[in-house]
Amino acid sequence: MIQHSGMWIDTHCHLDAAEFDADRDAVRAVARQVGVARCVIPAVQRAHWADVAELAERHGDAYALGIHPLYVPQAQEADLLALDHALRERAGDPRLVAVGEIGLDFFVPALSSPEMRERQWFFYTAQLKLAQQHGLPVILHVRRSADLLLKGLRQCPVVSGIAHAFNGSAQQADAFLALGFALGFGGTLTYERALQLRRLACDLPLSALVLETDAPDIPPQWLYQTAEQRAQGAVQGRNSPAELPRIAQVLADLRGLTLGDLATATTRNALRVLPGLARA
Ligand SMILES: [Zn+2]
């Protein structure tokens, strides 16, 4: 049993995902019991915007509104207008803390054709502009796309943000930090073979790090079922925000920190890059 060490913020949790339809409130309650005081729930598409806002309200959490790169193929240009409206309409809502989840994904083959790259860039930069206009941070999806994401940010600076599930180089990490971002670390850190990522998580200044689960995705090592196990009928473990303290323990051990000191530092970092969390 992981002891409570102050308060944790899961800076990236898809509590609105269908995987939680059967037991969403229970999942959130269990996470609270292990010390996850706050979840940030980023939206992935227009149809979910009302849901994430309602969820955040119900559980005392925070949310972000945006169009995720994996949802760009089916997104409409009119959704950007709708996003502008939604951000204006909800400007007084203390639980709205960012534009997200937005970004670029060049890992998924279907999204990597020249046409889709251009379409992703269009939606990414348009949403950056909205974040800038509304004075909001951004939550970024980074997959084989760090350099282009950085280029977009230099063309259209925003107040701050999080490069979520960061898995880039030390140089790319430094570039995000120079633009006022924090880097999100989660379940991937729990795999012993993630040597490069573990080294980065140790070498970066503590002020650079925020914690996240990305639940229901990115199961930590103790929930992961191999392809072989799955072939034999095992179900892939569903990640949940309650895993955050145990993921944090891995990072604390890697850095030689107490869990309490890591909680204090990562919470402070989250509040710095998502200042709205202080009001939510
Ligand atoms: Zn996500």
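**Exercise 1. Which spacing do the donors of the zinc ion follow along the chain?**

This is a predicted model, in which local features need pLDDT of at least 70, side-chain atom pairs count only at pLDDT 80 or more, and totals for chains, interfaces and linings use all residues. Residues are numbered from 1 along each chain as its sequence is written, and side-chain values use heavy atoms, with hydrogens and water left out.

Solution. Begin with the donors, meaning N, O and S atoms within 2.8 Å of the metal (3.2 Å for Na, K and Ca), and keep in mind that sites may look incomplete because water is not among the atoms. The protein contributes H12 through NE2, H14 through NE2 and E101 through OE, lying 2.1 to 2.2 Å from the zinc ion. Read along the chain, these donors give H-x1-H-x86-E. Since H14 sits in the loop between β1 and α1 (24–33) while E101 belongs to strand β4, the pair ties together parts that are 87 residues apart in sequence.

**Exercise 2. State whether H14 and E101 are buried or exposed.**

Solution. Buried means under 20% relative accessible area, exposed over 50%, and partly exposed in between, with a 1.4 Å probe and protein chains only. H14, at 7%, is buried, and E101, at 1%, is buried as well.

Notes. Helix = DSSP H or I, 4+ residues; strand = E, 2+ residues; numbered from the N terminus.
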